[in-house]
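Good morning. Please have the sequence and the structure open while I talk.

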Amino acid sequence: MQMKYLYLLGYPLGHSISPALQNAALRARDIRATRYMKSPTPPEKLSEMVKVLRGENCLGANVTVPHKQTILPHLDELTELAREIGAVNTILKQDGKLIGDNTDAYGFLQALRVRRINPQGACVSILGAGGAAAAAAYALAQAGVDEIILLNRTLARGIALADRLNKKFPQLALAINDWDALAQSQLIINATSVGMSPRVDESPAPKNFSFPKHAIVFDLVYNPPATKFLRDAKQNGARVIGGLEMLIYQGARAFELWTGARAPIRVMRNAATAALQELLKSDAPR
Ligand code: NAP
């Protein structure tokens, strides 16, 4: 039987735990001769890698930083969701075509749903305006939040995301870089890469920001599980959510799209947790 592959495209990929959770799911569902593997792809090698994806033994792929937006022109089609978010994290193969999709929005919302958090009517601040921020903002707008405040280092990127959201959700109140509104938000999300291992003592929040006690604070970063952003929020009494659950659910959705099999969530969660523990051990100062 010819081996089939699912690839993870990104750069660098040393710390990704997606292979652990996807390969555990493939084994649990007895999907044989199929492997999910990292394919570290620097930007100058992206076109070459797209040719590999077009090969017969490729079943699909995940896409991560820095290719979630730059991959778009290489694909044959985009799902409506990926087009609206403007970022692709999952590639499907249909009749030899490469179809770009996005499962981050689903993963993000599902991480709230499993905690029985309904964001409808909330005022939300999102730090960041990249692919993950766009997926979170889109999911929240769909879920009926009242207002989204986009806070991003690069103003132009925040404006571009706000413009896209405004076209799709004209009733949604939007603000850009209104840092004073952060303390009034019910849901505060870090969708930047600030605080990720190894720079675990950094936070994207303003210096000495006092997280409101009433807020739910969600960091999409999953390594470390307790980022400085979350540690500071927790210290102020806020409810905190790390990025691992979102990672599991965006992966579960991708698995179902590639294989047609139901995702074994518990198996994926156990594999992801174990892989993260290993990673933390290897990252720990000796
Ligand atoms: P991206 O498209 O490259 O966007 C990165 C964002 O981080 C941009 O808004 C960027 O601001 C901001 N940023 C980077 N360095 C910064 C700094 N030093 N100070 C302030 N802002 C900074 O990446 P992405 O795909 O959106 O991913 C963002 C984060 O979400 C990553 O940590 C990723 O691991 C995480 N994520 C987690 C999941 C999950 O399942 N848990 C899924 C997707 C992403 P500028 O626009 O100014 O550059």
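By class, the shell around the ligand holds ten nonpolar, nine polar and four charged residues. Please keep in mind that this is a predicted model. Of the 23 residues around the ligand, the ones that come nearest are Ala-132, Asn-152, Arg-153, Thr-154 and Leu-220. Which domains supply the shell? Domain 1, made of 4–102 + 245–283, and domain 2, which is 106–242, each give at least three residues.

In the side chain of Arg-153, an N or O atom is 2.8 Å from an oxygen atom of the ligand. A polar backbone atom of Gly-131 is 3.0 Å from a ligand oxygen. For Leu-247, a polar backbone atom is again involved, and the distance to an oxygen atom of the ligand is 3.2 Å. On its own the ligand has 920 Å² of accessible area, and the protein covers 80% of that. Two elements give two or more residues to the shell, namely α5 (131–142) and α8 (244–259). Of the elements, α8 gives the most, with three residues.

Next, the sheet that contains β1. How many strands does this open sheet have, and in what order? There are six strands, the order is β2-β1-β3-β5-β6-β4, and the pairing is mixed. At the edges stand β2 and β4, each with a single partner strand, so one side of each has no neighbour in the sheet.

Look at β1, which is residues 4–10. Six of its seven residues are buried, so this strand is mostly covered. On one side β1 is joined to β2, residues 34–40, by seven bridges, and these two strands run parallel. β1 also pairs with β3 in the parallel sense, over five bridges. In β2 it stands opposite Ser-39, and in β3 the bridge partner of Leu-9 is Val-63.Now a strand in another part of the chain, β7, residues 123–127. Is β7 enclosed or open? Five of its five residues are buried, so β7 is largely enclosed by the rest of the structure. In a regular strand, the side chains alternate between the two faces of the sheet. In β7, Cys-123, Ser-125 and Leu-127 are on one side, Val-124 and Ile-126 are on the other, and all are buried. β7 runs parallel to β8, residues 147–151, and five bridges join the two strands. Ile-126 has Leu-150 as its bridge partner in β8.

Then some backbone details in the loops. Most residues other than glycine have a negative phi, and most peptide bonds are trans. Here are some exceptions, peptide bonds to begin with.

The bond from Val-65 to Pro-66 is cis, with omega near 10 degrees. Pro-66 sits in the loop between β3 (58–63) and β4 (77–78). The bond from Ser-197 to Pro-198 is also cis, and its omega is near 10 degrees. For Pro-198, the place is the loop between β10 (187–190) and β11 (216–219).

Now the phi angles. Asp-30 is not a glycine, yet it has a positive phi of about 55 degrees. Where is Asp-30? It is in the loop between α1 (18–28) and β2. Its relative accessible area is 47%, so Asp-30 counts as partly exposed. Asn-177 is another residue other than glycine with a positive phi, near 50 degrees. Asn-177 belongs to the loop between β9 (173–176) and β10. At 24% relative accessibility, Asn-177 is partly exposed too; the cut-off for buried is under 20%.

Is Ser-185 buried or exposed? Ser-185 is buried, because its relative accessible area is 0%. A polar atom of the Ser-185 side chain lies 3.2 Å from the backbone oxygen of Ala-181.

Notes
Residues numbered from 1 in each chain as written. Predicted model: local features only at pLDDT ≥ 70, side-chain atom pairs only at ≥ 80, totals over all residues. Heavy atoms only, no water. Near = heavy atom within 4 Å. Polar contact = N/O pair within 3.5 Å; in protein donor to acceptor, adjacent residues only side chain to side chain. Areas by Shrake-Rupley, 256 points an atom, 1.4 Å probe, with all protein chains shown as cover. Helix = DSSP H or I, 4+ residues; strand = E, 2+ residues; numbered from the N terminus. Nonpolar A, V, L, I, M, F, W, Y, C, P; charged D, E, K, R; others polar. Domains from an automatic or database assignment. Buried < 20%, exposed > 50% of the residue type's maximum accessible area, 1.4 Å probe, protein only. Pairing = 2+ DSSP bridges.
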